[in-house]
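Please read them with the structure open.

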Amino acid sequence: MRIRSAAPAAVLAAAALAGSLLAADPASAAAHQGGLHLGYIQYDSPGSDRGSNTSLNGEWVNIHNNSRSALQLKGYKLKDNTGYTYTFGSYNIGAGKTVKVRTGKGTNAAGVRYWGRGAYVWNNTGDKARLFKPSGAQLDSCSWSRLGSGGVSCH
């Protein structure tokens, strides 16, 4: 979107509003400014939940590196409310890049990791994804409370 120079009052108003929104929720603002965070979660795989590997891989979590440098994810953990845990092995995520963690089995490749489970992780009617640093500190979380579109945008 372009802002034309003929509307300086609108630009100033938008800047003031943005500043007040950032000040109102500094934790949320910090998560959006940089670092590793949960992106989009597809918690309900398309079609019937029959437990096939294709269906299991239809549920996934995107983790985005919004920083200006690559990050090593070894030891980072992704967990649900039940305690199911995916722990990253050695994996470098580039600056501005996203890695998709799929529930089922497959061959890990650039931009995608497989949990290797034979059962679903994310509850369709409500759950919470949490991302933890190797130290155990929670880095980010994202939740949903009802079946909707089958996915949720976390940021």
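This is a predicted model: local features need pLDDT of at least 70, side-chain atom pairs count only at pLDDT 80 or more; totals for chains, interfaces and linings use all residues.

1. Among contacts in the protein chain with a separation of 6 or more, 55% are between residues 24 or more positions apart.

2. **Secondary structure.** The protein chain has three helices and 11 strands. Along the sequence the order is α-α-β-α-β-β-β-β-β-β-β-β-β-β.

3. **Burial and surface.** The protein chain counts 155 residues, and 35% of them are buried. Its accessible surface is about 8,800 Å². Carbon and sulfur atoms hold 52% of that surface.

4. **The largest nonpolar core.** This core has 24 residues. Which of them touch the most other members? They are Leu38, Ile41, Ile63, Leu73, Leu78, Phe88 and Trp122. Two or more residues each come from β1 (36-42), β2 (60-65), β7 (98-102), β9 (127-132) and β10 (138-144). The top contributor is β1, which gives three residues.

5. **Leu73 in that core.** Leu73 is among the core residues that touch the most other members. Beyond its neighbours within four places in sequence, Leu73 is in contact with Leu36, Phe88, Gly89, Tyr91, Ile93 and Val99. Phe88 is also on the list of core residues with the most member contacts. Phe88 is buried, at a relative accessible area of 3%.

6. **Asn65, a buried polar residue.** Asn65 sits in strand β2. Is Asn65 buried or exposed? Its relative accessible area is 0%, so Asn65 is buried. What does its side chain reach? One partner is the side chain of Ser67, in a polar contact of 2.6 Å. Another is the backbone oxygen of Ser69, at 3.0 Å. With neighbours within four places in sequence set aside, the contacts of Asn65 are Gly35, Leu36, Ala70, Leu71, Ile93, Gly94, Ala95, Gly96 and Lys97.

7. **Leu139 in β10.** Leu139 is placed in strand β10. Its relative accessibility is 30%, so Leu139 counts as partly exposed. Residues up to four places away in sequence aside, Leu139 touches Leu36, Tyr76, Leu131, Phe132 and Lys133. Gly35 is 104 residues from Leu139 along the chain. The C-alpha atoms of these two residues are separated by 9.2 Å.

8. **The disulfide.** How many disulfides are there? The count is one. Cys142 and Cys154 form the link, with sulfur atoms 2.2 Å apart. The angle about the S-S bond is -90°, and the link is left-handed. The pair joins distant parts of the chain, 12 residues apart. Cys142 is in strand β10, and Cys154 is in the segment after β11 (151-153). Cys142 counts as buried because its relative accessibility is 7%, under the 20% cut-off. Cys154, at 16%, also falls under 20% and so counts as buried.

9. **Aromatic pairs: Tyr40 and Trp60.** The structure holds seven aromatic pairs. In one of them, the ring centres of Tyr40 and Trp60 lie 5.7 Å apart, with planes at 45°, so this pair is tilted. Tyr40 is in strand β1 and Trp60 in strand β2, so the pair ties together parts 20 residues apart in sequence. Trp60 is buried, with 15%.

10. **Aromatic pairs: Tyr86 and Phe88.** Here the ring centres are 5.0 Å apart and the planes stand at 85°, so the pair is edge-to-face. Tyr86 is buried, at 9% relative accessibility. Phe88 is buried too, at 3%.

11. **The aromatic cluster.** Which residues form one aromatic cluster? They are Tyr43, Tyr86, Phe88, Tyr91, Trp115, Trp122 and Trp144. Phe88 and Trp122 are also among the core residues that touch the most other members.

Technical notes. Residues are numbered from 1 along each chain as its sequence is written. Side-chain values use heavy atoms; hydrogens and water are left out. A nonpolar core is a set of buried Ala, Val, Leu, Ile, Met, Phe, Trp, Tyr and Cys residues joined through side-chain atoms within 4.5 Å. Buried means under 20% relative accessible area, exposed over 50%, partly exposed in between (1.4 Å probe, protein chains only). Helices (H or I, at least four residues) and strands (E, at least two) are DSSP runs, numbered from the N terminus. Contact means heavy atoms within 4.5 Å. A disulfide is a pair of cysteine sulfur atoms within 2.5 Å. Accessible areas come from the Shrake-Rupley method with a 1.4 Å probe; for residues, only the protein chains shown count as cover. A polar contact is a pair of N or O atoms within 3.5 Å; within protein, one must be able to donate a hydrogen and the other to accept it, and residues adjacent in sequence count only if both atoms are side-chain atoms. Rings of Phe, Tyr and Trp (its six-membered ring) pair if their centres lie within 6.5 Å; planes under 30 degrees apart count as stacked, over 60 as edge-to-face and the rest as tilted.
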